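Good morning, and thank you for the time at this meeting. Please look at the structure as it comes up, and I will then go through it part by part.

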Amino acid sequence: MPKNILGREIPEFIEGYGKTQPFMGANARKPEGNRAGPKLRATFSDRTSKLVPDLKAAIAASGLKSGMTVSFHHHLRNGDYVVNAVIDACAEMGIRDLTLFPTALFGVHKKLIEHIKSGVIRRIMGSVNGPIGQMVSEGGMDVPVVLRSHGGRPRAVVSGDVKIDVAFIAAPTADAYGNICGSQGKSSCGSLGYAFTDAMYADVVVAVTDNVVPFPAAPVSIPQFYVDIVTTMESIGDPAGIVSGTTRITRDPLRLLISKYASRLIEASPYFKDGISFQTGAGGISLAVTAYMKEAMKKRGIRGSYGLGGITGYFVDLLKEGYVEKLMDVQSFDLEAVKSIAENPNHIEISADWYANPWNAGTAVNMLDVVILGATEMDRDFNVNVNTEADGALLHGIGGHQDTAAGAKLTIISQPLLRGRIPCVVDQVYSVTTPGEVVDALVTEYGVTINPRRKDLIDACQAAGNVPLVSMDELIARAHEMCGPTDPVETEDRIIGVIEWRDGTVIDVVRQLKRK
Amino acid sequence: MRLRRTMLYLPGNNPNMLMRGHLFAPDGLILDLEDAVAVREKDAARILVRDVLKRGEFGSCEVTVRINGLDTEYWQEDLEALVPLGRLDGVRVPKVDDAATVKRLDEALSEIEEKAGIPVGRTKIFCLLETAKGIFNTYDIATASPRVAAVIPGGEDLTADLRTNRSPEGTELEGIRKSVIVAARAAGVDALDTVFPRITDDEGLKRETEFIKQLGFDGKSVIHPNQIPIIHEVFTPTEQEIERARKIVAAAKEAAERGLGAVQVDGRMVDAPVVKRALFTLTRAGLLEEGTQHA
């Protein structure tokens with residue numbers, strides 16, 4: 001079987017996916033041809049309202065038929081009511097064999113399992129986790145799922161790899177003519193960045209809202225000229241699941257220790273100077289790294305340029321206090337972030353295309369100095385797995401992992417060495433999500449492990465004198481000693497998941513788990 | 001002189017903590033077989049702690065075990081299982097009431113050390129004073145054996161015995177802390193303070209540490225790793241203090257070489273106690289190696 005550049009066996013053709021292009025290196029694939037586009041349509045002055053009474057009327061008006069592709073965004077996260085409601089309505093209307101193309105799915109969507117079993121959903125292109133992930137991993141879908149990064153997804157749309165027939169956009173606020181706003185209304189979620197590309201490239205765009213306001217709705221996230229149909233639900237989501245309360249910094253001592261080491265690594269690096277830009281996300285460790293960095297910036301009088309990615313209240317404070325000049329927000333995690341994006345012109349709503357698509361004229365991640373990311377596993381070659389658990393089951397989506405790692409000058413994975421008895425460093429990762437060529441360092445409670453190709457960073461840490469360095473060999477030996485050997489995952493030959501690199505080449509495949 | 005600013009308790013039944021406690025870089029570790037371990041888990045915890053002592057890493061920490069009290073049936077087994085490994089720097093003993101308790105422990109340790117071929121006297125004793133009687137006998141306890149390295153007033157047990165409780169201000173412990181300091185200094189052992197129980201109250205911990213440092217304590221027992229940097233910061237001399245201490249030590253050295261008695265630094269007389277304090281400051285700052293301060 002042919003292998004890609006990382007030695008992973010990738011068949012030339014995968015049933016239900018098609019012909020494959022093997023991964024050739026982070027920046028190896030160059031696009032050809034033109035952008036794909038949606039169907040042309042015209043709207044004249046005789047139509048001044050796009051409002052239809054309910055979801056079924058919207059689905060009927062959209063022309064959605066069996067076998068088509070429907071897309072959704074995940075800004076309502078675990079509070080989302082829209083995906084389940086739309087698929088329920090499709091089922092009741094006798095529509096089947098749908099391809100689901102979400103930007104991500106959450107636990108609240110486990111209800112889709114019944115629609116997968118009954119054939120309403122035939123295929124999922126997007127991350128699956130929790131009960132759906134387990135079902136897919138055990139062979140519960142006829143067609144493999146396709147995992148793409150936040151940048152890889154808009155790339156697939158823009159290049160025509162994926163054609164969206166109908167985009168259903170959960171809209172916290174909309175007017176009857178289709179202007180959509182993410183930061184107002186009882187179900188507000190702040191940025192609507194992940195929905196932009198769908199709005200621009202779907203043949204039909206349906207806004208689903210629980211807050212219709214007089215025309216024109218403002219501030220506008222997605223403007224009227226992309227939106228074909230507007231409909232309402234009593235509620236599009238549960239606010240408690242949409243945004244979290246105040247995000248607090250972890251008090252877990254182990255995570256704090258890891259954060260301290262990560263922060264020292266950043267301080268020792270050549271990027272810790274005026275104008276530094278960073279993405280640290282909302283996880284326990286990342287937030288604490290940001291807190292330590294803030295202390296260091298204060299001490300050394302350094303001002304950053306921008307914070308990127310999923311934005312939390314902690315980042316909003318950095319903006320208010322002048323530690324960064326701007327926030328570029330593709331996803332707002334908490335109430336503070338939602339409030340800020342509505343009020344502060346320096347808090348900018350950006351699309352996933354702007355954020356991370358490798359195939360445009362320049363994406364936000366390219367300007368990034370530092371990113372802190374997580375991993376379930378990492379290996380001797382610094383390849384990272386975020387998609388599958390140690391038992392081989394699909395666990396997480398890719399998120400912005402590949403994109404930020406490829407873009408940032410310093411990519412740091414921070415992770416405790418052990419989760420229970422499962423080590424985070426192994427000889428070879430089970431699945432590759434992000435290749436070692438774009439990963440610079442791993443930080444654990446035992447210290448900082450730097451990719452040997454970054455000799456400059458090793459020198460910088462040694463010069464700083466307060467960064468404990470530990471080699472990958474040492475770390476793996478320690479993990480072996482503490483945990484002993486683990487049984488290899490047993491699989492069937494059948495491929496149940498395809499992991500694409502952000503440029504659409506296949507970096508790895510995931511095979512069906514053997515029944516125990 | 002060994003720094004004992006922080007000694008971190010690690011539950012003897014928690015492998016995760018036992019393996020990783022040293023990563024937080026306290027000055028010392030206390031692998032706990034007493035309060036942290038339920039009666040039905042005593043044997044299992046002892047075996048676990050034994051294995052960790054055999055194989056584990058402890059960085060540069062002073063490694064001690066809190067054994068079960070001499071009023072229980074477990075303490076001898078604790079010692080017999082752990083002391084012969086030759087890895088322990090000391091044992092922390094709960095509820096020491098009088099000098100006789102220390103002497104009994106001293107004899108038991110000597111016997112085990114001799115049998116195991118370990119230098120007799122190597123295993124130090126850290127005495128927890130958790131009763132009014134123990135506090136009353138502090139000096140006698142501290143001088144009952146050359147093994148005694150430190151005396152540590154209790155918190156909860158002691159205040160219960162005093163028929164009071166612990167307040168945020170620590171009024172009830174104030175007199176006790178002062179008397180323990182005098183007895184410890186008179187006996188030439190360290191005085192280590194009790195734990196600060198409110199693990200999320202960073203400000204309160206800082207205040208209490210500043211207070212006990214000013215009284216003269218050498219350090220504090222710690223029940224949560226997040227407390228370590230806060231205590232270390234209080235005990236770490238400031239840049240100014242270090243600079244002044246360096247000047248004093250240099251002046252004293254020069255005076256000694258030239259055969260002079262007292263000298264002046266920045267217009268103030270420098271005599272022996274001032275030099276001693278300066279050397280101590282440099283030790284706390286980690287700028288003097290053990291044994292060099294009297295050179």
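I begin with strand S27 of chain A, residues 506-513, which is mostly covered: eight of its eight residues are buried. Please bear in mind throughout that this is a predicted model. The partner of S27(A) is strand S26, residues 491-500, and the two pair in the antiparallel sense over six bridges. Within that pairing, A:Glu500 stands opposite A:Val506. The two strands form a hairpin with five residues between them, and in the turn A:Gly504 has a positive phi of about 90 degrees.

Let me now step back to chain A as a whole. The chain has 15 helices and 27 strands. Its C-alpha trace spans about 70 × 55 × 40 Å along the principal axes. The radius of gyration is 23 Å, and this agrees with the value near 24 Å that a compact globule of 516 residues would have. Of those 516 residues, 56% count as buried. As for contacts between residues at least 6 apart in sequence, 73% of them join residues at least 24 apart.

Next, the open sheet of chain A. Seven strands form it, in the order S3-S12-S11-S8-S4-S5-S6, and the pairing is parallel. At its edges are strand S3 (51-52) and strand S6 (121-124), each of which pairs on one side only. Within the sheet, S11 (residues 204-209) and S12 (residues 229-232) run parallel and are joined by four bridges. There A:Val208 stands opposite A:Thr231.

Helix H2 of chain A, residues 82-92, lies across S4, S5, S6, S8 and S11, and its angle to S8(A) is about 135 degrees.

I turn to backbone geometry. In general, most residues other than glycine have a negative phi, and most peptide bonds are trans. Where in chain A do the prolines A:Pro216 and A:Pro219 lie? A:Pro216 is in the loop between S11 and S12, and A:Pro219 is in the loop between S11 and S12 as well. The peptide bond from A:Phe215 to A:Pro216 is cis, with omega near -5 degrees. A cis peptide bond also joins A:Ala218 and A:Pro219, where omega is about -5 degrees.

A:Phe382 is not a glycine, and yet it has a positive phi of about 70 degrees. This residue sits in the loop between strand S18 (377-379) and strand S19 (384-385) of chain A. Is A:Phe382 buried or exposed? A:Phe382 counts as buried because it has 26 C-beta neighbours inside 10 Å, the cut-off for burial being 20 or more.

In chain B, B:Ala25 is a residue other than glycine with a positive phi, near 55 degrees. B:Ala25 is found in the loop between helix H1 (15-20) and strand S2 (28-32) of chain B. With 16 C-beta neighbours inside 10 Å, B:Ala25 counts as partly exposed.

That brings me to the rest of chain B. There are 12 helices and 10 strands in this chain. Eight strands close into a barrel, in the order S1-S2-S3-S4-S5-S6-S7-S8, with parallel pairing. On average, neighbouring strands of this sheet are turned by 25 degrees against each other, direction ignored. S2(B) and S3(B), the latter covering residues 62-66, run parallel and are joined by five bridges. B:Leu31 stands opposite B:Val65 in S3(B).

For chain B as a whole, the C-alpha atoms fill a box of roughly 65 × 45 × 35 Å along the principal axes. Buried residues make up 42% of the 295 residues. Among contacts between residues at least 6 apart in sequence, 70% join residues at least 24 apart.

Key
Residues numbered from 1 in each chain as written. Chains lettered and ligands numbered in written order. Predicted model: local features only at pLDDT ≥ 70, side-chain atom pairs only at ≥ 80, totals over all residues. Rg over C-alpha atoms; globule rule 2.2 N^0.38 Å. Buried ≥ 20, exposed ≤ 12 C-beta atoms within 10 Å, placed from the backbone. Contact = placed C-beta atoms within 7 Å. Pairing = 2+ DSSP bridges. Axes fitted to C-alpha atoms, helices over the stretch in contact; angles between N-to-C directions.
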